[in-house]
Amino acid sequence: MRINRYLAECGLGSRRKCEQIVLDGRVKKNGRPIRELATEIDPERDVVAVDGQTVSTAARRVYLMLNKPKGYVCTTSDEKGRKTVLELLRGKYDRYRLFPVGRLDYDTEGLLLITNDGETANRITHPRNEVPKTYIAKIEGAVEESDLDKIRRGVILDGVKTKHCRVKLLEFRDNISRLEVVITEGRNRQVRRMFESINREVIFLKRTAVGDLKLGGLYRGEYRELSEKEIQYITQV
């Protein structure tokens with residue numbers, strides 16, 4: 001890849017900014033100064049330094065939004081041989097050692113963040129920060145408002161009461177209740193288990209937002225890098 005792209009992937013700024021770094025004579029390739037913007041870099045072989053400091057694409061912070069389909073586990077590997085969400089990236093980001101931020105269970109789809117920034121991942125998932133996660137849930141039959149109130153006030157899971165959450169009926173059609181659920185925790189299978197506590201089964205579950213980040217127009221299995229504005233948001237949550 002060209003030097004400006006390589007430096008940009010190392011996190012030194014936009015490609016235009018990185019072009020100026022090269023033109024200013026601040027870059028060395030394998031110990032030799034370079035000023036040509038057409039210089040090609042082999043990330044596996046070449047050593048690149050800026051102002052005397054070695055830079056590497058592996059040090060770049062990567063932030064991805066994935067529309068997770070059903071049938072994938074949110075781990076970097078699986079002892080049972082099941083497909084992992086990282087396989088959906090098709091090896092493009094292998095050198096960055098990415099991992100999913102939190103988890104969506106095997107049968108749940110929707111917005112999943114993937115990064116190599118452990119500090120930001122912890123900030124998003126830690127209960128004390130109460131970052132809201134929005135889901136669309138479908139349940140067979142009508143759901144009484146009194147039952148929804150029980151979930152809103154909190155139910156007991158594993159001996160601990162869930163925090164207050166928001167639940168509203170969006171639509172009832174063809175004997176299916178379509179609900180929006182907003183929680184600020186991330187317990188294992190939490191949304192499904194909250195409805196199980198009122199003897200109702202979730203037949204479809206999709207996460208549509210994490211905080212202010214919305215899934216948007218991504219198709220199942222598609223992903224994209226976050227915008228600078230979105231990165232600024234999640235790193236300051």
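Student: Which residue stands opposite Arg173 in strand 12?

Tutor: Ile176 stands opposite Arg173. Keep in mind that this is a predicted model, where local features need pLDDT of at least 70, side-chain atom pairs count only at pLDDT 80 or more, and totals for chains, interfaces and linings use all residues. Residues are numbered from 1 along each chain as its sequence is written, and side-chain values use heavy atoms, with hydrogens and water left out.

Student: How many bridges join strand 11 to strand 12?

Tutor: Seven, between strand 11 (residues 166–173) and strand 12 (residues 176–183), which run antiparallel. Strands here are DSSP runs of E with at least two residues, helices are runs of H or I with at least four, and both are numbered from the N terminus. Two strands pair if DSSP finds at least two bridges between them.

Student: What about the turn, which residue takes a positive phi there?

Tutor: Asp174, near 55°. That hairpin has two residues between its strands.

Student: Moving on to strand 13. How does strand 8 pair with it, parallel or antiparallel?

Tutor: Antiparallel, over seven bridges, with strand 8 covering residues 133–140. Ile139 has Val202 of strand 13 as its bridge partner. Strand 7 (residues 109–115), on the other hand, runs parallel to strand 13 (residues 202–210), joined by two bridges. There, Glu109 stands opposite Lys206.

Student: And where does Val210 come in?

Tutor: Val210 stands opposite Leu213 in strand 14. Strands 13 and 14 form a hairpin with two residues between them, and Gly211 takes a positive phi near 60°.

Student: Other topic: what is the strand order in the open sheet of four strands?

Tutor: The order is 2-1-3-4, with antiparallel pairing. Strand 2 (32–34) and strand 4 (53–55) are the edge strands, each pairing on one side only.

Student: Which residues touch the most other members of the largest nonpolar core?

Tutor: Leu98, Ile114, Val181, Val191, Met194 and Phe195, out of 34 residues. A nonpolar core is a set of buried Ala, Val, Leu, Ile, Met, Phe, Trp, Tyr and Cys residues joined through side-chain atoms within 4.5 Å. Buried means under 20% relative accessible area, exposed over 50%, and partly exposed in between, with a 1.4 Å probe and protein chains only.

Student: What does Val191 touch?

Tutor: Leaving out residues up to four places away in sequence, Val191 touches Tyr135, Val181, Ile183, Val202 and Leu205. Contact means heavy atoms within 4.5 Å.

Student: Which residues does the second core include?

Tutor: Tyr6, Cys10, Val27 and Ile41 are among its 15 residues, and this core is separate.
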